[in-house]
Amino acid sequence: MSDQSATTDVNVNVNDAKQIYIGDVGPGVKKRDPILIADSVTRTFGGNTAVNVEHVEIPRNMITALIGPNGAGKTTFFNLLTGFDKPNSGNWTYDGQKLAGVPAFKVARRGMVRTFQLTKSLALLSVMENMRLGATKQKGENIFRAMLPFLWRDQEKANTAKAMELLGRFKLDTKKDDYAASLSGGQRKLLEMARALMSDPDLVMLDEPMAGVNPALTQSLLGHILGLKDQGMTVLFVEHDMHMVQTIADWVIVMAEGKIVAEGYPSVVMQDQAVIDAYLGAHHDVDLGTLTGQLAVAEDIDPHLVEELREEVSADPELAEELAEEQNRTEQ
Amino acid sequence: MTTRSSPHSHRAVVGAAVALLGGLLLSMAPLSATAAPLTAASAVEAPASASVRSATIDPASATESIGVWVRLDSNKAAVAGVKVTVTGSGGFSSDVVSGADGKVTVGLPGAGDYTVKLDETSVPAGDGVPRAGTNPRTVTVAANSTGVPAYFLLTTATGGSSTSAPGSTTSPGSSSSDASSGPSLFDLLVPRLASGLIFGLLLALACIGVSLIYGTTGLNNFAHGELVTFGGLMGWVLAGPLGLPGPIAVIGALVLGGVMGYVQDLGLWRPLRKKGVALIPLMIVSVGLSLALRYTFQVIFGPGTLVAPNDTSAAVNWGPVHLRSSDLIGAIVCIVLLLLVAFVLLRTRIGKATRAVSDNKALAAASGINVERVIRLVWIGGGALAGIAGALIGYYQTIRWDTGASILLLIFAAVTLGGLGTAFGALVGSIIIGLFIEVSTIWLPANLKFVAALVVLIIILLIRPQGILGKRDRIG
Amino acid sequence: MDFTFIPLAFGQLLSPQTIGFALAALGLAVHFGFGGLLNFGQAGFMSVGGYFFAITAVKFGFPFWLSLVAAIIGAVIFAFILGIPTLRLRADYLSIVTIAAAEIVRYTVQTPQIAPFTGGSDGINGSSAAFDALNPIPPGRYGIAPLLYSASDLWIIICGWGAVLVLGLLVWQLMRSPWGRVIKGIREDEDAVRSLGKNVYAYKMQALILGGVLGALGAVVAIIPTSLQPENFGTQTTFFLFTIILLGGATTVLGPIIGSIIFWVVLSLSDGILSILVTNHIVPLSTVQQGPIRFIIVGVALMLLVIFRPQGILGKKRETYFSV
């Protein structure tokens with residue numbers, strides 16, 4: 001790719017007057033102010049290489065979209081960065097500190113929180129309890145102090161107030177005493193995001209924040225994500241909805257077959273032939289959003305079987321839809 | 001066979017294997033015909049038993065009987081010519097003498113408590129006396145229980161001999177040794193390797209059901225031991241009270257085990273799957289089912305040990321290894337069945353479907369596999385294999401109302417050891433567990449042999465939680 | 001017909017056995033109901049607690065309080081041994097390892113070689129001496145016939161229910177604290193809790209230890225009036241405990257306690273009724289066959305509870321633990 005900055009200026013989000021990258025745009029391009037830097041991260045399942053990222057930098061206080069076709073290794077990469085999976089090799093630093101090999105809960109404590117593709121709201125806890133759980137450094141979470149309520153009651157009140165404020169912003173305040181199980185899929189997505197914000201993170205990593213969210217809620221979700229940036233946070237998200245990527249992302253990183261194949265400003269990347277080939281080539285007749293869940297599930301099973309089924313599914317859009325429905329059912 | 005063999009040749013192979021299996025089982029017929037039920041043994045071998053009956057009740061026709069077996073504690077060699085007196089309520093008294101195989105069966109007038117006393121003066125010189133606390137002893141005989149065991153082990157040692165474990169799994173055929181001097185490690189090890197291997201194979205049959213059911217439905221079936229017990233009890237009923245030949249009894253156990261698996265799936269597990277009950281509650285349901293079934297067996301079959309009629313003389317003598325023909329045939333039947341299962345899983349359509357369902361249910365369903373049908377077949381197959389395993393265990397050792405429950409943990413250990421949900425892992429795990437528990441008795445007290453196996457399970461989970469053949473990514 | 005079994009059955013309301021099972025069930029509720037840890041070896045915790053208590057009391061002559069501490073330490077050690085390899089693994093692994101560990105304990109203590117220490121298969125008698133020495137109640141018979149209690153019966157009943165009250169309140173307080181919130185969150189989805197910066201492994205270990213200690217204390221209460229019998233800590237004991245918590249409601253503090261009372265009263269009543277039916281030849285069963293019936297009842301009850309009333313007979317439908 002050559003220098004595209006002349007044509008990209010119009011597409012750059014108006015908030016970003018300054019250029020994000022240094023040097024020539026391309027996979028693994030250096031950023032002016034990176035928050036997360038990853039080097040030669042690999043992860044193999046059986047004989048298959050799921051992730052093989054040579055170098056990538058995530059720009060601070062920007063909204064970065066991670067896109068790519070199914071099985072590109074986006075979620076696996078997410079899991080590796082957040083300590084939910086262990087890489088075969090690789091290093092990455094967050095805010096200049098080494099993060100590889102750090103367990104997931106410590107990653108979160110350092111200010112890098114994530115959400116999940118399949119929403120993980122804690123069904124039999126109330127919405128408010130879900131929110132309170134998100135708060136960090138709680139005195140009452142120590143088993144001995146827990147027995148003495150006077151030690152943690154004030155902190156609990158403060159956390160509750162903060163949770164109410166967040167719930168209000170996400171329009172969930174009226175549901176605060178309901179079980180999370182009673183919320184709709186989209187509301188659970190919102191709750192999960194709000195809960196993650198209870199810890200005042202610096203980097204928010206959202207794994208398909210729009211999947212399963214009804215159109216009415218989509219707009220407000222987009223607003224919330226933009227809002228995070230305004231509050232000084234960095235956002236990295238995996239998404240399939242190109243419209244959404246175009247609307248809110250400042251920067252797009254494209255993965256295919258475990259590698260970073262392209263990076264750039266949204267509108268530029270979308271026109272890159274390599275991206276179109278990698279991303280849309282095999283599955284241009286299938287709605288990409290519906291398939292992801294299936295193939296994420298399939299990622300760690302017998303590769304031969306997966307390949308067979310993938311062929312079958314991609315040959316038959318109706319089947320793909322059925323699968324998606326099945327997936328939604330099992331999810332709820 | 002080529003890699004892409006036609007369905008036709010599949011059928012041929014399965015047919016051949018079935019024929020081979022049938023032939024093997026039939027080859028048991030003459031053996032067990034000569035052996036006849038234990039209850040009848042003394043009648044057939046009347047001269048050898050040379051019974052001195054003060055109140056003779058023909059043990060062959062009696063509905064209740066006690067099986068006396070006198071052996072040396074040191075090498076389990078039979079002791080003949082030992083006088084034993086059985087007394088009971090109502091003035092019943094019967095004097096008998098142990099036969100050449102150390103055994104004698106005493107017919108009884110009815111159920112109840114009997115006192116069995118071994119006359120220590122009649123023991124051949126140098127063979128010692130019964131172990132402390134075992135002579136005289138009271139034997140509780142439930143209605144319709146034949147061959148209720150009253151076994152005596154003679155010891156010259158003054159004390160400190162090991163007691164048998166609860167749910168004892170003594171293996172009468174495998175450990176007899178005629179070494180009169182101190183046994184070498186070789187003499188100790190080889191018979192145990194043989195019996196461990198046989199037990200491992202039996203365990204493997206029982207494991208396949210657990211592994212496949214877990215693979216296809218995610219259920220850790222705690223009631224699987226009861227499928228094994230059921231098979232063993234059915235085998236005993238067919239061979240003992242009904243007097244059918246051994247092979248028929250074993251095949252009967254296979255069929256009835258399959259029926260039991262099918263009925264369980266149809267009546268309980270399928271409705272619960274449809275209801276969408278989650279896995280952990282299902283596991284607890286299986287625990288409840290296990291309790292209910294196990295104690296129902298106890299109500300019906302009594303708390304005692306049941307002995308399937310068998311020829312107890314050693315048919316094979318390889319150095320220190322002495323095996324009865326039934327041990328050998330049982331092992332071969334196991335191997336044939338295991339090969340058959342491997343073939344079905346690897347090469348047939350239904351086997352591939354089973355593996356596909358194990359890998360990913362939704363994906364398998366989407367590719368046109370009838371998941372419910374696969375699960376039903378897995379239950380039938382798993383139940384049948386557990387049933388025949390139970391019947392063979394009945395021949396190899398003895399059968400009791402809780403035999404299956406007592407090996408359930410060994411089954412789980414074997415399955416976990418090999419890798420949960422992988423059928424071949426279950427085989428490898430079973431053999432390892434079988435060998436391990438037998439060999440460990442060289443150094444460990446007998447009641448710790450299960451402990452050894454379970455400790456291995458925990459250590460394996462520490463080092464390699466996915467099991468020997470499991471994939472690392474499966475453990476979540 | 002002899003109907004004294006009816007008042008005797010209601011004597012189970014207060015009996016040390018009921019107390020012991022209530023405490024152990026409370027522990028299991030901490031593991032399973034609140035924390036989602038599928039512990040199938042609670043009998044092992046009870047066994048370890050019982051042996052640490054009885055051995056230190058009888059063989060070493062420890063004073064009561066020290067023996068009690070020993071029982072707690074035993075349970076903590078057992079929890080570490082079990083938890084370290086398994087708490088990182090899936091729930092079903094924990095269930096298999098815990099049930100295996102409980103059986104290991106049961107077999108091992110019966111080894112003849114260590115019988116001088118553990119009492120072999122006969123167990124240990126007389127561990128209550130130090131406890132009875134603290135008894136302030138004057139000797140005599142208390143109660144109404146046929147429910148008569150000796151001074152030492154009364155002493156253990158009072159202390160036992162005191163312990164249930166104190167420990168029940170403790171668990172109740174813990175479960176409404178932020179600590180309990182994390183534990184319940186882990187039950188729902190441990191990855192989510194991990195993503196919120198909580199050290200899930202450490203919390204699971206704490207829950208395992210807490211529940212295990214409750215099991216050990218339950219065993220102490222249960223063995224004081226009788227004796228320590230290794231066969232009382234077989235797998236069926238764990239399954240009794242599961243029936244108890246499912247009876248009362250697994251996610252409540254009161255559930256296991258009420259469950260234990262109902263369980264033992266009903267079991268005792270059914271034993272009595274069955275006994276009358278058998279001795280009067282109303283049902284075609286022998287007295288030998290009568291024994292296993294209670295286990296069949298428990299097994300069937302366990303299945304029915306899980307299938308039809310997983311929230312317990314007292315719980316509300318929406319508090320059903322099995323949500324999925």
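Chain B of this predicted model is divided into domain 1 (39–155) and domain 2 (185–475), the bounds being those of an automatic or database domain assignment. Where the two domains touch, eight residues of domain 1 of chain B and eight residues of domain 2 of chain B take part, two residues being in contact if their C-beta atoms, placed from the backbone, lie within 7 Å. On the side of domain 1 of chain B that touches domain 2 of chain B, three residues are nonpolar, four are polar and one is charged; here Ala, Val, Leu, Ile, Met, Phe, Trp, Tyr, Cys and Pro count as nonpolar, Asp, Glu, Lys and Arg as charged, and the others, Gly among them, as polar.

Between chains, 44 residues of chain B are in contact with 42 residues of chain C. On the chain B side, the elements that contribute two or more residues are α7 (279–301), α12 (403–418) and α14 (449–463), and the largest share, 14 residues, is that of α7(B). Helices (H or I, at least four residues) and strands (E, at least two) are DSSP runs, numbered from the N terminus. The side of chain B that touches chain C is made up of 33 nonpolar and 11 polar residues, with no charged ones.

Chain C itself comprises 14 helices and two strands. Its radius of gyration, taken over C-alpha atoms, is 20 Å, close to the 20 Å that the globule rule (2.2 Å times the number of residues to the power 0.38) gives for 324 residues, so chain C is as compact as a globular protein of that length. Along the principal axes, the C-alpha atoms of chain C fill a box of roughly 65 × 50 × 40 Å. Among the contacts in chain C with a separation of 6 or more, 75% join residues 24 or more positions apart, and 57% of the 324 residues of chain C count as buried, a residue being buried if 20 or more other C-beta atoms, placed from the backbone, lie within 10 Å of its own.

One residue of chain C, C:Leu217, lies in helix α11 (residues 200–223) of that chain and counts as buried because it has 28 C-beta neighbours inside 10 Å. Apart from neighbours within four places in sequence, C:Leu217 is in contact with C:Leu23, C:Gly49, C:Ala71 and C:Ala163. C:Leu217 and C:Leu23 are separated by 194 residues in sequence, whereas their C-alpha atoms are 7.0 Å apart in space.

Residues are numbered from 1 along each chain as its sequence is written, while chains are lettered from A and ligands numbered from 1 in the order in which they are written. As the model is predicted, local features need pLDDT of at least 70 and side-chain atom pairs count only at pLDDT 80 or more, whereas totals for chains, interfaces and linings use all residues.

Technical notes
Buried ≥ 20, exposed ≤ 12 C-beta atoms within 10 Å, placed from the backbone.
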